[in-house]
Amino acid sequence: MRETAAAEPRPYHHGDLSRALIDAARRLLESEGPSALSLRAVAREAGVSPAAPYHHFKDKGELLEAVATEGWDMLNDSLSAARKSAHSVKDKLTALGVAYVVFARENPSLYRIMYDGSRNKEELPSHVHMEDDSAYCQVRDTLVEAGADPTDEIALELATTAAWCAAHGLAEMASFKQFDTLKTALGSEEAFLRGVFEHMKIFADDHGK
């Protein structure tokens with residue numbers, strides 16, 4: 001385990017303490033896991049006094065909520081980049097799924113915090129569904145672009161939920177060694193992910209594009 005003692009405190013700019021604490025919390029999450037997180041440990045990692053975090057976060061839960069919010073924003077950005085880089089509507093949908101799984105694999109502790117915090121509240125944060133650039137809305141809007149009827153709200157929400165659950169399920173399963181043979185046969189993990197999504201046929205066949 002790496003040392004987290006602040007022998008050489010990390011400087012932060014005045015007025016940006018909240019940012020420094022969130023960054024420190026993310027570093028601890030990915031290097032040592034959620035169990036290592038405490039306001040004292042985050043303060044030490046950020047190179048500030050033990051009392052400093054309480055100027056921005058009343059407790060560990062509030063800090064984790066801020067970290068989770070940043071995680072959702074990062075996921076939004078990852079999916080947006082994938083959507084923009086795709087060359088066809090069908091490819092956009094597959095690219096969104098691949099980007100989701102890659103994000104989860106590259107940020108495992110952050111990804112877990114995003115969902116653990118939501119489960120504690122029995123619902124996803126409102127901005128995950130409501131904001132136009134959210135990951136959820138990007139999937140929904142791409143389904144409409146692929147031919148889904150935007151006036152059939154129930155069918156559209158079901159299709160979006162199916163796509164989201166498919167990506168979430170693959171993110172949970174893709175690291176198992178049972179899939180190594182397939183990944184080797186297909187040439188890469190990304191090819192494996194694309195192949196799985198394409199075989200699910202959640203998207204294109206029913207929408208006509």
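1. The axes of helix α8 (residues 153-173) and helix α10 come within 11 Å and cross at roughly 145°, where axes are lines fitted to C-alpha atoms, for helices over the stretch in contact, and angles run from 0 to 180 degrees between N-to-C directions. Helices (H or I, at least four residues) and strands (E, at least two) are DSSP runs, numbered from the N terminus. The crossing of α8 and α10 is right-handed, a crossing being left-handed if the near helix is turned anticlockwise from the far one by less than a right angle, and right-handed if clockwise. On the α8 side, Ala166, Ala167 and Leu170 meet Phe192, Leu193, Val196, Phe197 and Met200 of α10, a contact meaning heavy atoms within 4.5 Å. By class, this contact has eight nonpolar, no polar and no charged residues; Ala, Val, Leu, Ile, Met, Phe, Trp, Tyr, Cys and Pro count as nonpolar, Asp, Glu, Lys and Arg as charged, and the others, Gly among them, as polar.

2. This is a predicted model, in which local features need pLDDT of at least 70 and side-chain atom pairs count only at pLDDT 80 or more, while totals for chains, interfaces and linings use all residues. Residues are numbered from 1 along each chain as its sequence is written, and side-chain values use heavy atoms, with hydrogens and water left out.

3. Helix α10 (residues 189-200) also meets helix α4 (residues 89-106), their axes coming within 9 Å and crossing at roughly 130°. The two helices are therefore oblique to each other, since angles under 35 degrees count as roughly parallel, over 145 as roughly antiparallel, 65 to 115 as roughly perpendicular and the rest as oblique. The residues of the contact of α4 with α10 divide into six nonpolar, two polar and six charged.

4. The secondary structure comes to ten helices and zero strands. Of the 209 residues, 42% count as buried, that is, under 20% relative accessible area, with exposed over 50% and partly exposed in between (1.4 Å probe, protein chains only). In helix α7 (residues 135-145), the buried residues include Tyr136, Cys137 and Leu143, and just after α7 glycine 147 takes a positive phi of about 120°.

5. As for confidence, the protein averages a pLDDT of 84, and 84% of the residues score at least 70; pLDDT is the predictor's confidence in each residue, from 0 to 100. Among the elements, helix α6 (residues 126-130) has the lowest mean pLDDT (69) and helix α9 (residues 180-186) the highest (95). pLDDT stays under 50 over residues 1-9 and over residues 203-209.
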